[in-house]
Amino acid sequence: MHPHLAFALCTWFGLGKLKPAPGSWGSLGALPFAWGLQILGGPWLLLAAAVVISLLAFWAIDAFLRKWPGEDPGEVVIDEVAGQWLTLAFVPPDWQLYLIGFVVFRLLDVTKPWPASWADRELPGAGGVLVDDLFAGLYGLLAMLLLLQFWG
């Protein structure tokens with residue numbers, strides 16, 4: 001992958017360069033795309049997109065780290081996009097639910113409950129950058145499914 005394309009994807013088209021909290025900016029930048037995918041094709045399209053962006057993220061992060069080495073560079077936020085989409089996969093496009101999903105994912109991404117903490121510490125390279133966010137996204141998905149059981 002060309003380094004400039006890897007940089008654009010990894011920073012989610014520059015959002016990862018915003019301060020403070022680039023991960024939150026990346027998650028926020030994932031929301032309109034999630035909304036659009038939900039409108040176009042429903043939850044299965046968003047879930048498929050989360051899988052595709054995760055695979056793409058692995059390759060993009062690997063290319064990024066070869067050009068700009070680092071443990072988990074803050075400007076790399078494509079992992080937040082993948083995790084955020086996973087959290088919202090079965091959430092209907094509703095601004096209140098998306099706001100809750102955003103907060104839930106960010107809390108899980110920051111606190112890194114096991115095995116996200118293990119992946120963050122132990123996995124090298126692109127896997128270490130990406131997999132903890134996928135775990136946070138899976139936990140977020142479960143939390144949102146539980147919330148939807150009680151949502152009026």
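This is a predicted model: local features need pLDDT of at least 70, side-chain atom pairs count only at pLDDT 80 or more; totals for chains, interfaces and linings use all residues.
User: What makes helix 3 and helix 4 oblique to each other?

Analyst: Helix 3 (residues 78-88) and helix 4 (residues 95-111) pack at an angle of about 130 degrees. Roughly perpendicular stops at 115 and roughly antiparallel starts over 145, so the pair counts as oblique. Their axes are 9 Å apart, and helix 3 passes helix 4 in a right-handed crossing.

User: Which residues of helix 3 and helix 4 meet there?

Analyst: On the helix 3 side you'll find Glu80, Gly83, Gln84, Thr87 and Leu88. They meet Leu97, Tyr98, Gly101, Phe102, Phe105, Arg106 and Asp109 in helix 4. Sorted by type, the residues of this contact are five nonpolar, four polar and three charged.

User: What about helix 4 and helix 6, and why are they called oblique?

Analyst: Here the axes cross at roughly 140 degrees and come within 9 Å. Antiparallel needs an angle over 145, so helix 4 and helix 6 are put down as oblique. Helix 4 passes helix 6 in a right-handed crossing. From helix 4, the contact uses Leu97, Ile100, Gly101, Val104, Phe105, Leu108 and Asp109. From helix 6, the residues include Asp132, Ala136, Tyr139, Met144 and Leu148. By type, the contact of helix 4 with helix 6 divides into 11 nonpolar, three polar and three charged.

User: How many aromatic pairs are there?

Analyst: The count comes to six aromatic pairs.

User: What makes the Trp35 and Tyr98 pair edge-to-face?

Analyst: Two values settle that. The ring centres are 5.2 Å apart, and centres within 6.5 Å make a pair. The planes sit at 70 degrees, and anything over 60 counts as edge-to-face, so that's the label for Trp35 and Tyr98. Trp35 lies in helix 2 and Tyr98 in helix 4, so the pair ties together parts that are 63 residues apart in sequence.

User: Why is Tyr98 called buried, and why is Trp35 called partly exposed?

Analyst: Tyr98 has a relative accessible area of 3%, and under 20% means buried. Trp35 has 33%, which falls between the 20% and 50% cut-offs, so Trp35 is partly exposed.

User: And how do you know that Trp44 and Phe90 are edge-to-face?

Analyst: By the very same rule. The planes of Trp44 and Phe90 are at 80 degrees, with the ring centres 5.0 Å apart, so the pair is edge-to-face. This one links distant parts of the chain: Trp44 is in helix 2 and Phe90 is in the loop between helix 3 and helix 4, 46 residues apart.

User: Is Trp44 buried or exposed?

Analyst: Exposed: its relative accessible area is 61%, and the cut-off for that word is over 50%. Phe90, at 25%, is partly exposed.

User: Which residues do ring pairs link into a cluster?

Analyst: Trp12, Phe13, Phe33 and Trp85.

User: What makes Ser27 buried?

Analyst: Ser27 has 0% relative accessibility, so it counts as buried. Ser27 is in helix 2. Leaving out residues up to four places away in sequence, Ser27 touches Glu80, Gln84, Phe102, Phe105 and Arg106.

User: Why is Phe135 called partly exposed?

Analyst: Its relative accessibility is 25%, and buried would need under 20%, so Phe135 counts as partly exposed. You'll find Phe135 in helix 6 (residues 125-150). Apart from neighbours within four places in sequence, Phe135 is in contact with Pro115, Ala116 and Ala119. Phe135 and Val77 are 58 residues apart in sequence, and their C-alpha atoms are 15 Å apart in space.

User: Where is Leu18, and what makes it partly exposed?

Analyst: Leu18 is in the loop between helix 1 (3-10) and helix 2 (22-67). At 35% relative accessibility, Leu18 sits between the two cut-offs of 20% and 50%, so partly exposed is the word.

Technical notes:
Residues are numbered from 1 along each chain as its sequence is written. Side-chain values use heavy atoms; hydrogens and water are left out. Helices (H or I, at least four residues) and strands (E, at least two) are DSSP runs, numbered from the N terminus. Buried means under 20% relative accessible area, exposed over 50%, partly exposed in between (1.4 Å probe, protein chains only). Axes are lines fitted to C-alpha atoms, for helices over the stretch in contact, and angles run from 0 to 180 degrees between N-to-C directions. Angles under 35 degrees count as roughly parallel, over 145 as roughly antiparallel, 65 to 115 as roughly perpendicular and the rest as oblique. A crossing is left-handed if the near helix is turned anticlockwise from the far one by less than a right angle, and right-handed if clockwise. Contact means heavy atoms within 4.5 Å. Ala, Val, Leu, Ile, Met, Phe, Trp, Tyr, Cys and Pro count as nonpolar, Asp, Glu, Lys and Arg as charged, and the others, Gly among them, as polar. Rings of Phe, Tyr and Trp (its six-membered ring) pair if their centres lie within 6.5 Å; planes under 30 degrees apart count as stacked, over 60 as edge-to-face and the rest as tilted.
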